[in-house]
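Open the model in your viewer and keep the selection panel at hand. The tour goes from one selection to the next and says what is found at each stop.

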Amino acid sequence: MPTPLPAPYLVGLSAPAAALIGLDPAQVDDDVVAVLAGNRVPERAQPLAAVYSGHQFGVWAGQLGDGRAMLLGDVATPDGPVELQWKGAGMTPYSRMGDGRAVLRSSIREFLCSEAMHALGIPTTRALSVAGSDQGVVRETIETSAVVIRMAPSFVRFGSFEHWFYRNDETRLRTLADYVIDRFYPALRGEDNPYAALLEEVTRRTARLIAHWQAVGFMHGVMNTDNMSILGQTLDYGPFGFMEAFDAQHICNHSDNQGRYSYAMQPQIGHWNCYALAQALVPLIGNVEETQEALDVYQGEFAATVDRLLHAKLGLAQIPEHADADRALFDALFGVLQANHADFTLFFRRLSSLQAGSNAGDEPLRDLFIDRPAFDAWADQYRQRLRLEGSVDAGRGAAMNAVNPKYVLRNYLAQAAIEKAQHKDFSEVERLLQVLQKPFDEQPENEHYAALPPDWASTLEVSCSS
């Protein structure tokens, strides 16, 4: 059961997420806030905390579990049942010497990023609300506490399966797998080996998810197996970050001393995590050969998804006979971005204004590069490719702006909203949420949210406690 927060107040509410479950933001009163904060348990709800295990930074960590999360239950929506989960509502049997609480800082970050990722079209858990309290909790310093309500069809993780495998409990392992298949992948029940089919489908979804992360410059920060969704959704927002000055080796998590979860490593780690899930499913699949075949789809799925997304980001058609040349063009682009540490989001957004037949409008793009001749050389190759397919500037630019966001949740923007919220001013949380819900729109009145980050932003650090 949740532990009530003293004098809770509403920090933020996502209207689109509320609409999914039929909640009218205009009707959110003190009684509703009490539910959002975990101070009142809704009628018919039977809160539970789930056990799971996992590999953390590549090392088997044993039993983990919902240390500060509790499932209320699920709600019927037009798209199917959605589970609601308190995060930060107090201790559970799996709190592992913690207090079961979440801090306002991390809660705002998860709330904003969950909804931002959804607006970007990337599979993710959703966030309904943040409720705060002046109750202090101890992290590196004493911070105020908060509760997020997260939403997803399921919060089952890779580590949920690992838990029963490493306990040699095949009965419960099978029960869990059957539940996941019957509820979320019913079409797989008719396969010759439903458990192998489950692994293959989860592997495909994971590969596609991480391809989408790479394409938008998102870095998760803690890709432990207990933070990997069995549905292929982005799960557990902690020390995440969006790429700014491009560096493929960038590490967004200050706690990640070895760079295991750097931007460049995310695809490989996604594959590694699928192997960890596969290990747990071997007793059900029955043989290693079918298990390996299910895993083998990862690299092809990832490569195909990245190729499709990069073609869209550059406004290019996928032409089979130009596949090798296009890959060389992409590699050359990322080489120039790396050498110049050009801003990832701004580059792709501004690229939509490039003209196929003239370099007259290139200055906003060139300004992102120290070595401008290097950019010019790549731009010449790009223009040749555009002319090859007879690309029309206006149509291409509109299509590129529909897939290259202008607004992402940069850490400094989140920090500015957090600092105001810590002084009970939640206006920036609301304003930033509104901006991020329309990431591809121009929003001229919000132009400053799309600017290059200020110098002080480079000093921000987020860690596992974030």
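A residue is called buried when its relative accessible area is under 20%, exposed when over 50%, and partly exposed in between, using a 1.4 Å probe and protein chains only. This is a predicted model, in which local features need pLDDT of at least 70, side-chain atom pairs count only at pLDDT 80 or more, and totals for chains, interfaces and linings use all residues. Residues are numbered from 1 along each chain as its sequence is written, and side-chain values use heavy atoms, with hydrogens and water left out.

**Stop 1: the whole chain**

Show the chain as a cartoon. It has 16 helices and 10 strands; these are DSSP runs numbered from the N terminus, helices being H or I with at least four residues and strands E with at least two. The C-alpha atoms fill a box of roughly 65 × 60 × 45 Å along the principal axes. The radius of gyration, taken over C-alpha atoms, is compared with a globule rule of 2.2 Å times the number of residues to the power 0.38. For 466 residues a compact globule would come near 23 Å, and the chain agrees, with 23 Å. Of the 466 residues, 55% count as buried. A contact means heavy atoms within 4.5 Å. Among contacts with a separation of 6 or more, 70% are between residues 24 or more positions apart.

**Stop 2: Asp226**

Select Asp226, which an unreviewed UniProt entry annotates as "active site". UniProt positions are given in the numbering used here, feature names are shortened, and annotations may be inferred rather than shown by experiment. Asp226 sits in the loop between β9 (218-219) and β10 (241-242). Is Asp226 buried or exposed? Asp226 counts as buried because its relative accessibility is 5%. Leaving aside neighbours within four places in sequence, its contacts include Tyr52, His55, Arg157 and Asp236.

**Stop 3**

Asn227 is buried at 10% relative accessibility, and Asp236 is buried at 12%. Not counting residues up to four places away in sequence, Asn227 touches Arg157, His220, Val222, Leu235 and Asp236. With that same exclusion, Asp236 touches Glu110, Arg150, Arg157, His220, Asp226 and Asn227.

**Stop 4: His271**

Move to helix α7 (residues 266-285) and select His271. The relative accessible area of His271 is 15%, so His271 is buried. Beyond neighbours within four places in sequence, His271 is in contact with Leu295, Tyr298 and Gln299.

**Stop 5: the cavity**

A cavity is a set of points, on a 1 Å grid over the protein atoms alone, where a 1.4 Å probe fits but cannot get out; lining residues have an atom within 4 Å of a point. Points are joined across faces, edges and corners, and a volume is the space filled by probe spheres set on them. How many cavities of 30 Å³ or more does a search of the whole structure find? The search finds 1. The largest cavity holds about 40 Å³ of space. To see its lining, select Ala215, Val216, Lys313, Phe344, Thr345, Phe348, Arg349, Asn404 and Pro405. Helices α6 (194-216) and α11 (344-351) each give two or more residues to this lining. The most come from α11, with 4 residues.

How values were computed. On a 1 Å grid over the protein atoms alone, a cavity is a set of points where a 1.4 Å probe fits but cannot get out, and a pocket is an open set with protein on both sides within 12 Å along at least five of seven lines; lining residues have an atom within 4 Å of a point.
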